[in-house]
Amino acid sequence: MRAHLPILPVLIPAVSAAVMVALARRELVLARVLALASAAAQLAVACLLLAAVQGGEVLVYRLGDWPVPYGIALVVDRLSAAMVLLTAALGAALLLHAVCAWDRRGQHFHPLFQFQLMGIYGAFLTGDFFNLFVFFEVMLIASYGLMVHGGGAARLTNAMQYMVVNLIGSTLFLFAVSLVYNAAGTLNFADLALRVPTVAASDRGILMAGGMLLCVVFLLKAAVVPLQFWLPGAYGHAPGVAAALFALLSKVGAYALLRFALVGLGWSSLAALEPLAWLTLLVGALGVLAAPTLGVLAGFAAVASIGVLFVGLAGAEAVRLGAGLYYLVHSTLTGAALFVLADLVRSARRKEGDAVLGGQDFAGRALLGGGFFLAAIAAVGLPPLSGFIGKLALLRSIPVEGGAGAASWVFVLVTSFLLLLGLSRAGSRVFWKTQGDGGQAMRGPEAGGVAALALLLAGTFAWSLVAEPALAYFTQAAQALLEPGAYVQAVTGMGVFR
Amino acid sequence: MEILFAVLIGALTAAGVYLCCLRQVFPVVLGLSLLSYATNLFVFVAGRLTVGAPPIWGEGVTRFADPLPQALVLTAIVISFGMTALLVVLAIRARFEAGRERSDVPAVTQRPEVER
């Protein structure tokens, strides 16, 4: 059983989704029970995986026992195990929200949710980039379904744009994969790492073009400026539960970029991306200032957090990359909390929805306002929540001397202030500028949504409590990315490397 | 052979990109289909063009075609076909619900409609 652990995160959601489609099309209760059981099983498997690779081992699962460059391999190392656990935890928390109301508003919510999780797990675990493409597509197809769940004109129009953008991205992905395969003759990350130094000089240009094109694809998925335009509208109009899960999708792009560029192509760092990270931060923060609805605000906050993340990932030192990865987990939890909150406000206020406007008093205002206060603290990066620790660790790892380091400091600090302004403005308008006392007559926010919000906020709090071991863990994970010898050795069985 | 493939892929890609830049949904769907044809051909030639050679290496075979891109292209065809179908369905639903059939999003108004 233990040997088959790495495939389970993909198998469990796949099987449970198939069972749901076959048996529970009409019985919502059965589908809910299956979904919750599946989430619990995924969480357990993710914990076991994390425990198995904590010491630095790399688990390799060869499907059909085919030797590596020929067959499909799943690889679990520190980084992918942590990402799988994050996905499982987020999925389980959001299901609590979903089973209260969202899954009733359209068909096939639960199977789509499970397929979405399956695609994300697969993208984190796969060891080659054609399967990365396949899992990206699984993830995207499910996300198209979830995005239009419940219908509505604005949602459909935005979903359409999201879909067209991502289809063009998928096309570029295939072009890039073929270019890399043409030059290097392999699709496996570890095998690619071995072959890149031996690629003939005449093929280097093709390899480089393929690599750059793949970077563009991953930056599009990660929503880095100038490829961020699709995110706020699409996520802001998606159903709350789905948008909260999508907070993780853009991180899959960042993860894939790290895996491909640092391990596969053997680049020493992604330093060229640092200016893009600054711009992403700025665009995200300005968007938060100007957002017309809480959903779009959460979308721009997600863009800003991608900016912080890439300031970390642009570093060449393990400490800085590790701080970026610590922030990745934090920003996923916070981003999801903001999306859930926007959704709760949207259903609590009859007339105004989640528009950033004052209006009638509504039931659960104090509760949601408190939640927004905490989520805003986390998103801006104020103590005591983990955003503060993440930004602090990140800034401490960047030397102020030299232009790029100083600029990173300036951008992170100034945009934090802008985020503070934008979130305070939105919060005081929505939660304080209320008239009348109509709150008593209406029913309060759904228990499941509040539970999900509380769990996510408790998650960021817990994440700040475990900051020291977590930072150490991610620094080791980043070290393994920068010096992928052990990874390559474990996957290909070839020891001589660099 | 190389020139034929290069021209074909180039023409399909150019037409696809042009159509994707239009604002109506139908040309965009056509453009994405053309782009996916171009991709499929491109994946196909990723293993270099070989004519009249077996796709399997065996005893005494010195010249063989790379079988992997042929397997990849099957996956790519299935996925792009499914995606196009989904996009068309979505376009039809958007046509009926939003009354418009464009791939761009209208500017956000000051007071957006409430979605539930």
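Tutor: The bounds of a domain come from an automatic or database domain assignment. The model discussed here is predicted.

Student: How many Å separate the centres of domain 1 and domain 2 of chain A?
Tutor: The domain assignment of chain A gives domain 1 as residues 1–264 and domain 2 as residues 268–465. Taken over C-alpha atoms, the centres of these two domains of chain A are separated by 23 Å.

Student: Which helix gives the most to the side of domain 1 of chain A that touches domain 2 of chain A?
Tutor: The contact takes 31 residues from domain 1 of chain A and 36 residues from domain 2 of chain A. On the domain 1 side, the elements that give two or more residues are helix H3 (78–98), H9 and helix H10 (240–264) of chain A. With ten residues, the element that gives the most to that side is H10(A).

Student: How do the residues on that side of domain 1 of chain A divide into nonpolar, polar and charged?
Tutor: The side in question belongs to domain 1 of chain A and takes 31 residues into the contact. Its residues divide into 23 nonpolar, seven polar and one charged.

Student: What is the radius of gyration of chain A, and how does chain A compare with a globular protein of that length?
Tutor: The secondary structure of chain A comes to 19 helices and four strands. For 498 residues the globule rule gives 23 Å, and the radius of gyration of chain A is close to that, so chain A is as compact as a globular protein of that length. The C-alpha atoms fill a box of roughly 75 × 60 × 40 Å along the principal axes. The radius of gyration itself is 22 Å.

Student: What share of the contacts in chain A with a separation of 6 or more comes from residues 24 or more positions apart?
Tutor: Of the 498 residues of chain A, 62% count as buried. Among contacts with a separation of 6 or more, the share from residues 24 or more positions apart is 79%.

Student: How far apart are the end C-alpha atoms of helix H4 of chain A?
Tutor: H4(A) is mostly covered, as 17 of its 17 residues are buried. The helix runs over residues 109–125, and at 1.5 Å a residue it should span 24 Å. The end C-alpha atoms agree with this, being apart by 24 Å.

Student: Where is A:Pro384 found?
Tutor: The peptide bond from A:Pro383 to A:Pro384 is cis, with omega near 10°. In chain A, A:Pro384 is found in the loop between helix H14 (365–380) and helix H15 (386–396).

Student: Which residues of H15(A) are buried, and what covers them?
Tutor: The buried residues of H15(A) are A:Ser386, A:Gly387, A:Ile389, A:Gly390, A:Lys391, A:Ala393 and A:Leu394. What covers them includes, from chain A, helix H12 (294–313), helix H13 (318–348), H14, helix H16 (403–432), helix H17 (447–465) and helix H18 (467–482).

Student: Is A:Ala223 buried or exposed?
Tutor: A:Ala223 lies in the loop between H8 and H9 of chain A. Its phi is positive, about 60°, although it is not a glycine. In the loop between H8 and H9 of chain A there is also A:Pro226, which a cis peptide bond joins to A:Val225. Since 26 other C-beta atoms lie within 10 Å of A:Ala223, the residue is buried.

Student: With which residues is A:Leu309 in contact, leaving aside its neighbours within four places in sequence?
Tutor: A:Leu309 is found in helix H12 of chain A. With 29 C-beta neighbours inside 10 Å, A:Leu309 counts as buried. Leaving aside its neighbours within four places in sequence, the contacts of A:Leu309 are A:Ala254, A:Gly324, A:Tyr327, A:Leu328 and A:Ser331.

Student: Which element gives the most to the side of chain B that touches chain A?
Tutor: In all, 33 residues of chain B are in contact with 35 residues of chain A. Helix H2 (25–44) and helix H3 (67–98) of chain B are the elements that give two or more residues to the chain B side. The residues of that side divide into 22 nonpolar, five polar and six charged. The element that gives the most, with 13 residues, is H3(B).

Key: Residues are numbered from 1 along each chain as its sequence is written. Chains are lettered from A and ligands numbered from 1 in the order in which they are written. This is a predicted model: local features need pLDDT of at least 70, side-chain atom pairs count only at pLDDT 80 or more; totals for chains, interfaces and linings use all residues. Two residues are in contact if their C-beta atoms, placed from the backbone, lie within 7 Å. Ala, Val, Leu, Ile, Met, Phe, Trp, Tyr, Cys and Pro count as nonpolar, Asp, Glu, Lys and Arg as charged, and the others, Gly among them, as polar. The expected span of a helix is 1.5 Å times one less than its number of residues. A residue is buried if 20 or more other C-beta atoms lie within 10 Å of its own, exposed if 12 or fewer, and partly exposed in between; C-beta atoms are placed from the backbone. The radius of gyration is taken over C-alpha atoms; the globule rule is 2.2 Å times the number of residues to the power 0.38.
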